[in-house]
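Open your viewer and get ready to select a few residues.

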Amino acid sequence: MVGEALISASVQTLLDRITSSEFRDYFANRKLNVSLLDELRIKLLSLNAVLNDAEEKQITDLAVRAWLDELKDAVLDAEDLLDEINTDSLRCKVEGESKTFLSSQVRSFLSSPFNQFYRSINSKLEAISTRLEHFVKHKDIIGLQSVSRRVSYRTVTDSLVESVVVAREDDKEKLLRMLLSDEDGNNNHIEVLTILGMGGLGKTTLAQCLYNDNAVQKHFDLTTWAWVSDDFDVFRVTKTIVESVTSKKIDSIDLDTLRVELKNNLRNKKFLLVLDDLWNEKYNDWNHLIAPFTSGKKGSKIIVTTRQHRVAQITHTFPICELKRLTDENCWCILAKHAFGNEGFNKYPMLEEIGRKIARKCDGLPLAAKTLGGLLRSVVDVEEWNRILNSNLWARDDVTPALRISYLHLPAHLKRCFAYCSIFPKQHLLDRKELILLWMAEGFLQQIHGEKSLESVGDECFNELLSRSLIEKDKAKAEQFRMHDLIYDLAKLVSGKSSYNFDGDEIPRTARHLAFPMKGFDVSKRFEGLYELKFVRTFLPQCPRVSHYYLTKKVSHGWLPKLRCLRTLSLSKYRNISELPNSIGNLVLLRYLDLSFTSIKKLPDATFTLYNLQTLKLANCKHLIQLPGEIANLVNLHHLDIRGTNLNEIPTQICKLQDLRTLTSFVVGREDGLSIKELRKFIFLQGNLSILKLQNIVDPMDAFQANMKKKKQIEELTLKWGKDPQDSKIEKDVLENLQPSTNLKKLTIRYYSGTSFPKWLSESSYSNVMFLHISYCKYCLSLPPFGQLPSLKELVIQRMKMVKIVGDEFYCNNERSPFFQPFPMLESLVFEEMLEWEEWLPFEGESSEFPFPLLKHLSLSQCPTLRGNLPSHLPSLKEVSISKCNQLEAKSCASCLQWLSLEKFLSHETWHKYTSLESLEIRESCHSLTFITLDCFPALECLEITSCPNLEAITTQGFLFQRLTSLSSLSIEGGGEADVVNILLKEPLLPTSLQRLYLEGLDGLKCLGMEGKGLQHLTSLRSLVLNYLVELKSWEGNGLQHLTSLQSLGLCGLDKLKLWEGNGLQHLTSLLKLHITFCGSLESLPEDHLPSSLELLTIYRCPLLEERYQNQKGKYWYKIAHIPAIQINIDEVII
């Protein structure tokens, strides 16, 4: 198989369109110049004939490269125009079928632009034709010729070829011995194994092989992986490692804070850290990076992979493992494995001879052999193998020639899909389903005779790239994928000037696809280099987590609605997006719109004229309560994500959209509303589905007609009734009739009023169910035998008030084998608000098998009548939370725990059992507690004390607890604790490791000690929150000036605080956020002392401050106008 030029796919799309009868009829009916289409066709055919030649020659010929780049822009402009024409044809068709839906406002909005559009079509086509004529003339001048290429589209039978580690067995065994040895003759604090070798030699593959080895995983308490790259920065790498170790996003911008957190997390643990692709050669930087690792246990190891000899010399403590190039025979083994799979090459002696010659050209690089093997997978044509062997590209050295050849031989549509991936940053985790939706939106996926859905075509494209090793499965995260660095460099190279992941850098005016990392406040200045761009097709902000972000209206309401070529638009997670301008109707080519996690209240009418729209994401738009019937006019809509919204109903017109693949919520209506049986019409549904307001079902047979059992692609299902109980018998029959497919992975049932559950709910045939959440099922007398679900990992049971005993019926039914083990895979178990629950009986098994062998997290809350103890044998238990279970004992497995939350505090005699504890919460009911000694908790990181009014002291080893160096978060709330806090704030008694301090409701606290020594030594403190300290009247704030790591400062409910001088505030060079709420007496901010680093100022329910600044109108507004984002009373963020 030989590939086509990248731009060929766009040219073919244009040819298909201008030769279609529907397109030509559109021209004839509007008296447009049909002959222009014929001219365009002739020129496109002439150019298409030489594109394959140009694609290959442009690598070495700069004139050809310039010609091809300019042609690409011209073809994409033509594609935009013809796409607009096609869209207008679709508009006429839809409006002809639904003449009544358009409001006069929208009709007026549309009619004028489209009348102008008709008048301009001829002139625009003439301009494009003239432009293409220029390229036709010049193709001969630069010597381009027609090259006939046959393209075969193969069927990928398996989506992934497993990694092949060839000729590295000795290296692996040698490194394994080093990893598993705890002896270090040189007495190094940190032992480092360094794998050295050039790019593509398999350093990362070998490191992954070691990392995933069973013996290695068992040997270390903690294993973590961090990709470093050539852009070395101690802060960024440390942050990456901390996030990997803690499995949470870190907001800190202070290196010292990060190092303290890392040190605490590694303390007394035998860890393995992989630092992949390290480039930095500075010895001091390396020492700075590894300093926190000394807190680990003896035997901890670091694996470094690097291409640099100097880096290897600096880092290694064991002998350096330098990978050599593979032999030609080894390269052939890898190439053959990927090309022929399990079939082998014995049946193809001619191909073996050619393949061995190709393998010799791989220059000993396994990545090259693997990629070429992927290219040739399932191809048995001798001519094609010879074409690769004799390619001129073997002489190039800008990227690995084998990779360039693999790309060159891709079909054109795959080239577009591959090049598009360069829009993401290097080592970005690729989500398969999301990437396919983006490819769809960009028009990269074409149906052949309508036989397959676009999603299926996208799946095949993804599998094709995967099988060719151009995309690789991530080592740690299921269903996530990455690109090797060298492959990514190739994608950047071939995407040219069309795709950019920008962060304030200069962007050429021809850029089509833009992605960028979101910041907390994306102000207008950040986008100044973009406002002149007119042909953008993709606007894709990327954020690392669900959080609050803000976007200037100059982008959302000013620039974006002008981008008529836009196909993909995401404003997801921008909290200040509460409405869209009606001018969004200008974006007639839009196919993907993501407004999830915004504050959108209503979609403008013009949204429902975006007839090309395929994907509409509205997930977690909490203010959205209505979808109009006009949504039925979005005839190309395949994916509608409305989970987490507050929609009261779904219009019955939704049933017209029977091609929907995603419909995350189905709200059952009353009487003439949407009937549950209408679900049967949506035969393509997949992924996530919530069926809400099931109480509106009158006839249970309607539920049967929904055909849920046949919806085999539904993986997550939520069934929810209303809060008011209905007929118990009807609800029981409804649940019985909604039995889903056994492919289900997650199930949630809420507000079910039946007295028992159907048998299907716990049948072992549901072997894919991993998550089960049952809540508000108030009338069920017992729990089903959930222990029979073989793959169940997470079980949540809430508010089942009639359940009194949890016993044998919970583990299994009466038909069980002697060796049956209940809940073999369960990792998390939560019981909440089980008000009548009295007994939790142990499992009575006939063998030595015990339930919950893998249980890590156990939470019991508001089970006031539950007596006895926890299950006695929980070997994997790490986290326990017990709240308002006053009769329950908690004696089991204490030594294993890392996290504990209790309201009934344990006796001091038992504290020594909790030596692994990392988090401790003491709440409310501990009235008799007078002191806390923390000697038994050396690993404690988080301490929360709430409403312990008689508390007098917090100590460790006879000293106030500054010696608890692992503590990073301290929260004290209540009233009587004020005396303790007064002591802590007078002298430097708090541990220097503290990163978060939260004080609330301490009535006796009149002085914060800020002017003393109480906080000045906390150089790692990132967040300080002071809530409802009602006696505080004034605050100079001198003590704050030493808190150079402080990023967030919150003052709330300080009712008597009138004067805040804020001396020293300007020295807080890391401060990003300042929140002032419910401070009714505060007259002004310390305006002259606000630090220049401040990004956000929030003022809420502070009437004197509101009057002083008045949202840009106040007399003193200029004093705070320099702050990029200002929020007053949550009305608006001014950016």
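For the first stop, sort residues this way: Ala, Val, Leu, Ile, Met, Phe, Trp, Tyr, Cys and Pro count as nonpolar, Asp, Glu, Lys and Arg as charged, and the others, Gly among them, as polar. Keep in mind as you go that this is a predicted model.

**Stop 1: the largest cavity**

The structure holds eight cavities of 30 Å³ or more, and the largest has a volume of about 220 Å³. To find it, select Leu76, Arg416, Phe444, Ser498 and His513, which are the closest to its centre of the 16 residues that line it. Next, colour helix 4 (62-97) and helix 18 (412-420): each of them supplies at least two residues of that lining. With the classes above, the lining comes out as six nonpolar, five polar and five charged residues.

**Stop 2: two residues with positive phi**

Most residues other than glycine have a negative phi. Now select Ser469, in the loop between helix 20 (454-467) and strand 7 (472-473). Its phi is positive, near 65°. Is Ser469 buried or exposed? Its relative accessible area is 6%, so Ser469 is buried.

Move on to Lys573, which sits in the loop between strand 14 (568-570) and strand 15 (592-594). Here phi is near 75°, again a positive value in a residue other than glycine. Lys573 has a relative accessible area of 14%, and therefore it also counts as buried.

**Stop 3: around Pro785**

Select Pro785 in the loop between strand 23 (771-775) and strand 24 (794-798). Pro785 is buried, because its relative accessibility of 15% is under the 20% limit. Which residues does Pro785 contact, leaving aside its neighbours within four places in sequence? They are Ser762, Glu809, Phe810, Tyr811, Cys812 and Asn813.

**Stop 4**

In soluble globular proteins, nonpolar side chains tend to be buried together. Select Trp559, Ile691, Phe786, Phe810 and Trp840, the residues that touch the most other members of the largest nonpolar core, which has 124 residues. Strand 21 (residues 714-720) gives this core its largest share, three residues. Zoom in on Ile691, whose contacts beyond its sequence neighbours within four places include Phe666, Val668, Met708 and Leu717.

Technical notes:
Residues are numbered from 1 along each chain as its sequence is written. This is a predicted model: local features need pLDDT of at least 70, side-chain atom pairs count only at pLDDT 80 or more; totals for chains, interfaces and linings use all residues. Side-chain values use heavy atoms; hydrogens and water are left out. Helices (H or I, at least four residues) and strands (E, at least two) are DSSP runs, numbered from the N terminus. Buried means under 20% relative accessible area, exposed over 50%, partly exposed in between (1.4 Å probe, protein chains only). On a 1 Å grid over the protein atoms alone, a cavity is a set of points where a 1.4 Å probe fits but cannot get out, and a pocket is an open set with protein on both sides within 12 Å along at least five of seven lines; lining residues have an atom within 4 Å of a point. Grid points are joined across faces, edges and corners, and a volume is the space filled by probe spheres set on the points. Contact means heavy atoms within 4.5 Å. A nonpolar core is a set of buried Ala, Val, Leu, Ile, Met, Phe, Trp, Tyr and Cys residues joined through side-chain atoms within 4.5 Å.
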